[in-house]
2 protein chains.
Amino acid sequence: MEKKIITISRQFGSGGRTVGHQVAEKLGIPFYDKELVDQIALESGFSAKFVEEHGEHSPGKSLLSYAFAPQGIPGVMNGLSTADFLWNIQCNVILQLAEKGPCVIVGRNADYILKDREDTLHIFVHADKEFRADRIVRLYGESEKSPQSRLNEKDKRRKVNYQHYTGRTWGDAKNYDVTFNTGMLGVDYVSDIIVDMVRRSQEK
Amino acid sequence: MEKKIITISRQFGSGGRTVGHQVAEKLGIPFYDKELVDQIALESGFSAKFVEEHGEHSPGKSLLSYAFAPQGIPGVMNGLSTADFLWNIQCNVILQLAEKGPCVIVGRNADYILKDREDTLHIFVHADKEFRADRIVRLYGESEKSPQSRLNEKDKRRKVNYQHYTGRTWGDAKNYDVTFNTGMLGVDYVSDIIVDMVRRSQEK
């Protein structure tokens, strides 16, 4: 079966976004990351910044989060919490993007949302904490929190969000066609392997 | 870091054993599967058949299993249950084999036992139930149990055994350098990728 869509789920700081970007470039297909956020923002009425910050996070505060409904939107949310409302839009946007043609989608539980599309290759990328801590400081700079607690916090949120909306375990190998430890294999090599997988699937 | 040892953990019927065999053959290094069982049998005093059947299984009946102690062995077991006694020997045998030189080791929680050796590449292999059910019937024949229940039973035992002795989750991507869905990628292609990973690590 030819693989046209590639979803990349990733631990924070593991280089999953860079892998996705490289794969899209080598295959000459669109890479959806920022575009995904913009589209969800457009369809939800929330700002891109709000979607960026809340889209993959824990729905634990969803009861309180009705308060964040954007102007003019509450009626449209049909009694859903902000998190559930965003989730519905996220599902629609991702399903529509996949319909448009070959692409790479990073994060946003796209592996689950597209689980019934057989033309999709599902990837998970992880690395040890040392590699990731070093990487986030290099890419995003220092912050008042330690790199370790930034990693723990973000991973925990992604995990809880994934569990809540999919009923599956985040990072369980069985959810993905391939998973990679980028800390050991390196980002460039991982991209090369994924590109080879996609090309082989197209030869059959 | 040069990778010399390859551990392959696998869902029952996913082709992990075949992958391991192919990798060992292509790299010209020993493949430990049956040999591992024989060595554990030799050092424990149990029969190879007993080790084969109980080594990766649930330790749930360990209190009862003192009854299985082989002739002349009870004194040597130092009050350990059969499962714990076998586990200790399994750890020693695997650590010794890894010391001997490059090799491929299939199953037996070798990924955990060798987690502190940086020259080890850890692989997990899985596939969907349809692929695996078809494969076990083809390779091992029909039995009175349905293929589905044979898969469920064996996977559950491996999972419980792994959790009990390692405190980790079986099949969690983060325990392995790479995981593969052989049902999607095919056994031969997966072997090729692993061989390439090992060769690249040796070039550095």
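Is B:N109 buried or exposed? I looked this up first: B:N109 is buried, with a relative accessible area of 7%. Here buried means under 20% relative accessible area, exposed over 50%, and partly exposed in between (1.4 Å probe, protein chains only).

A note on what I am reading: this is a predicted model, where local features need pLDDT of at least 70, side-chain atom pairs count only at pLDDT 80 or more, and totals for chains, interfaces and linings use all residues. Residues are numbered from 1 along each chain as its sequence is written, chains are lettered from A and ligands numbered from 1 in the order in which they are written, and side-chain values use heavy atoms, with hydrogens and water left out.

**Loop residues**

I found B:N109 in the loop between β3 (103-106) and α5 (110-113) of chain B. Helices (H or I, at least four residues) and strands (E, at least two) are DSSP runs, numbered from the N terminus. Phi of B:N109 is positive, near 55 degrees. I marked that down because most residues other than glycine have a negative phi.

Next I went to chain A, where A:R108 sits in the loop between β3 (103-106) and α5 (110-113). Its phi is positive too, near 60 degrees. A:R108 is buried, with a relative accessible area of 5%.

**The sheet**

I then traced an open sheet of ten strands with mixed pairing, in the order β2(A)-β3(A)-β1(A)-β4(A)-β5(A)-β5(B)-β4(B)-β1(B)-β3(B)-β2(B). Two strands pair if DSSP finds at least two bridges between them. At the edges I found β2 (31-32) of chain A and β2 (31-32) of chain B, each pairing on one side only.

B:R10 stands opposite B:V125 in β4(B).

**A helix residue in chain A**

A:H54 belongs to helix α3 (residues 48-54) of chain A. I have A:H54 down as partly exposed, with a relative accessible area of 35%. The C-alpha atoms of A:H54 and A:A83 are separated by 7.6 Å, although these residues are 29 apart along the chain.

**Surface charge**

Which residues gather in a patch of negative charge on the surface? They are A:D196, A:E203, B:D196 and B:E203. Patch members have over 30% relative accessible area and no salt bridge, with like charges joined within 9 Å and nonpolar side chains (Val, Leu, Ile, Met, Phe, Trp, Tyr) within 5 Å. A salt bridge is a side-chain nitrogen of Lys or Arg within 4 Å of a carboxyl oxygen of Asp or Glu. B:D196 lies in helix α9 of chain B and is partly exposed, with a relative accessible area of 37%.

Key: Areas by Shrake-Rupley, 256 points an atom, 1.4 Å probe, with all protein chains shown as cover. Lys, Arg positive; Asp, Glu negative; His and termini not counted. Charge placed at Lys NZ, Arg CZ, Asp CG, Glu CD.
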